[in-house]
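Student: Could you walk me through reading this model, one feature at a time?
Tutor: Gladly; let us look at it together.

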Amino acid sequence: MQEQRQVVTVEDTAALPRNFVFVLLDKFSLLSFASALDSLRIANRMANRQLYTWKLMGEGGETVTCSAGTEFNLDSDLVELQRDDVVLICGGVDVQAATSKRVLNWLRREARRGLRIGGLCTAAYTLAKAGLLDNKKATIHWENSDSFIEEFDEVELTKAVFQIDGSRMTTAGGTSSIDLMLKLIADDYGEDLANAVADQMIYSSIRTDQDTQRLSTPTRIGVRHPKLSQVILMMEKNIEEPISPSILAKDVGMSTRQLERLFRRYLSRSPKRYYMELRLHKARNLLMQTDMSVINVALACGFASPSHFSKCYRAHYNTTPYRERGAQSGRLSV
């Protein structure tokens, strides 16, 4: 049976197809990459003409393996591009290790030539490491946000699904690549084509850069009490300098005992315990994702001394921060 499809008429806004260069870092996220690439393919199909072309590049120019273990053949090594090319760096697991000096130098050179450059999933780290996000808004997968904030204080990190700031683009990972590509397709050829691409992908809720990548903590854990939600958000914003439960209670207009009861009722733990778990969770992220010293991690998470930090960490994770760091270094070297 011959395939039937609706063709979307687009204006000739460009003489040549726009070329996208996907730079695949080691252990890149397959979902983020495939979501972006297939958006372009479907746009061509819906317009019944070649609006977009693409090629795959990477260090060495031969093969690269995604985080799922599948190997991809590359079209070329990191070579000089055309001025109108759009570069999308595809990151994933262990992006720090995958961000080599050669990749950084190549990115800086292409940026100086004026190319539009984006980072999918964790590749915002690569762009920031190259200095391409200084004084710009950016986003990254929520799991990497703690370490990103600590390392790149000159970047305004948001919780958006995707972020475009001038010639720089970043996404939070997963299907957020679709949202970014639909935005770019709409900018190039109009909303009708972008909507047609979304329909083909059965993507019914197109998100904008105003949408956040993750539900708030109170919503995610099912807390619907407004004052308790407010206290949790205050805790999340004050990890480095923790606020006492009495002050938190006062700030939302209740007694310390009332706050204790709310936490016991909704979260089965005391405010102090919940706050400690938040701080330790951030500490573990920093230990796993950065090369910050254990002392600096402790200070960043509100612990006055390394010994107190180590004691609390051991009680919660059944290992010490130093052993956690050592185990992570061993995993990264494999």
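**Reading the sheet, a helix and the salt bridges**

Tutor: Strand 9 and strand 10 (residues 168-171) pair in the antiparallel sense, over 4 bridges. Helices (H or I, at least four residues) and strands (E, at least two) are DSSP runs, numbered from the N terminus, and two strands pair if DSSP finds at least two bridges between them. Before going on, note that this is a predicted model, where local features need pLDDT of at least 70 and side-chain atom pairs count only at pLDDT 80 or more, while totals for chains, interfaces and linings use all residues. Residues are numbered from 1 along each chain as its sequence is written, and side-chain values use heavy atoms, with hydrogens and water left out.

Student: Which residue stands opposite Gln 163 in strand 10?

Tutor: Thr 170 does. In general, strands of a sheet pair through backbone hydrogen bonds, either parallel or antiparallel.

Student: In what order do the 6 strands of the open sheet come?

Tutor: The order is 2-1-5-6-10-9, with mixed pairing. Strand 2 and strand 9 (162-165) are at the edges with a single partner strand each, so one side of each has no neighbour in the sheet. On average, neighbouring strands here are turned by 15° against each other, direction ignored. Helix 1 packs on this sheet and touches strand 1, strand 2, strand 5 and strand 6 (116-120), its direction making about 150° with that of strand 2.

Student: How does strand 1 pair with strand 2 and how many bridges join them?

Tutor: Strand 1 and strand 2 (residues 52-57) run parallel, joined by 6 bridges; Arg 18 has Tyr 52 in strand 2 as its bridge partner. Strand 1 also runs parallel to strand 5, with 5 bridges, and Val 23 stands opposite Ile 89 in strand 5. As for burial, 6 of the 7 residues of strand 1 (residues 18-24) are buried, where buried means under 20% relative accessible area, exposed over 50%, and partly exposed in between (1.4 Å probe, protein chains only).

Student: How do I read the length of helix 6?

Tutor: The expected span of a helix is 1.5 Å times one less than its number of residues. Helix 6 (residues 176-189) has 14 residues and reaches 20 Å from first C-alpha to last, close to the 20 Å expected. Of those 14 residues, 12 are buried, including Leu 180 and Tyr 189. Gly 190 follows helix 6, and its phi is positive, near 100°.

Student: And how many salt bridges are there in the whole structure?

Tutor: Side chains of opposite charge can pair when their charged atoms come close. Here a salt bridge is a side-chain nitrogen of Lys or Arg within 4 Å of a carboxyl oxygen of Asp or Glu, and a search of the whole structure finds 13. One of them joins Arg 102 to Asp 77, with the closest N and O atoms 3.0 Å apart. This pair links distant parts of the chain, 25 residues apart: Arg 102 lies in helix 3 (residues 101-112), and Asp 77 in the loop between strand 4 (71-73) and strand 5 (86-90).

Student: Are Arg 113 and Glu 110 buried or exposed?

Tutor: Both Arg 113 and Glu 110 are buried, and their salt bridge has its closest N and O atoms 2.7 Å apart.

Note on methods: Axes are lines fitted to C-alpha atoms, for helices over the stretch in contact, and angles run from 0 to 180 degrees between N-to-C directions. Contact means heavy atoms within 4.5 Å.
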